[in-house]
Amino acid sequence: MAKLSVKKGDRVKVIAGKERGKSGKVLKTLPSKDRVVVEGLHMIKVASKKTQTNPQGGIIDREGTVHVSNVTVVCPTCDGPAKVKNRRTEDGQRIRYCGRCDTDLDKE
Ligand SMILES: [Zn+2]
């Protein structure tokens, strides 16, 4: 499985395309496609079937996918694009941190 630099739960900012400058939280990653789903971004209209919560069915708005190259991880400390770097912890885990301010970007 390909490794994405962006992970679920990350706050990201759009750096290309018509929604450039907007930010949101990553809801889902699609590593095989190099794409991510970001909360409230790239809304698309999809036809939905009739369900209990939506008895009429019809067209609903849903988040579409964004290519990872169009977003950048936002560092909570820098309050801007993180300079994402990787390091290994003592037990061999790979964690990401911001190269500018040294903030750990992988705290859950
Ligand atoms: Zn930072």
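**Entry 1: Cys-78 and the zinc site**

I take buried as under 20% relative accessible area, exposed as over 50% and partly exposed as in between, with a 1.4 Å probe and protein chains only. The model is predicted, so local features need pLDDT of at least 70 and side-chain atom pairs count only at pLDDT 80 or more, while totals for chains, interfaces and linings use all residues. Residues are numbered from 1 along each chain as its sequence is written, and side-chain values use heavy atoms, with hydrogens and water left out.

I then listed the protein donors of the zinc ion: Cys-75 (SG), Cys-78 (SG), Cys-98 (SG) and Cys-101 (SG), lying 2.2 to 2.3 Å from it. Donors are N, O and S atoms within 2.8 Å of the metal (3.2 Å for Na, K and Ca); water is not among the atoms, so sites may look incomplete. Their sequence spacing reads C-x2-C-x19-C-x2-C. Cys-78 sits in the loop between β7 and β8 and Cys-101 in the segment after β10 (94-98), so the pair, 23 residues apart, links distant parts of the chain. Cys-101 is also partly exposed, at 27% relative accessible area.

I checked the angles: the 4 donor atoms subtend 100 to 114 degrees around the zinc ion, which makes the arrangement tetrahedral. Four donors count as tetrahedral if all angles lie between 85 and 135 degrees. I searched the whole structure for disulfides (cysteine sulfur atoms within 2.5 Å) and found 0.

**Entry 2: the sheet**

I traced an open sheet of 6 strands in the order β6-β3-β2-β1-β7-β8, with antiparallel pairing. β6 (65-67) and β8 (80-81) each have a single partner strand, so one side of each lacks a neighbour in the sheet. Strands are DSSP runs (E, at least two residues), numbered from the N terminus, and two of them pair if DSSP finds at least two bridges between them. β1 and β2 (residues 23-30) pair over 3 bridges; Lys-13 has Ser-23 in β2 as bridge partner.

**Entry 3: the core**

I looked up the largest nonpolar core, which has 16 residues; Val-38 and Val-73 are among those touching the most other members. Such a core joins buried Ala, Val, Leu, Ile, Met, Phe, Trp, Tyr and Cys residues through side-chain atoms within 4.5 Å. β7 gives the most to this core, with 3 residues.

Methods: Helices (H or I, at least four residues) and strands (E, at least two) are DSSP runs, numbered from the N terminus. Four donors count as tetrahedral if all angles lie between 85 and 135 degrees; four count as square planar and six as octahedral if opposite donors are over 155 degrees apart and all others between 65 and 115; anything else is irregular.
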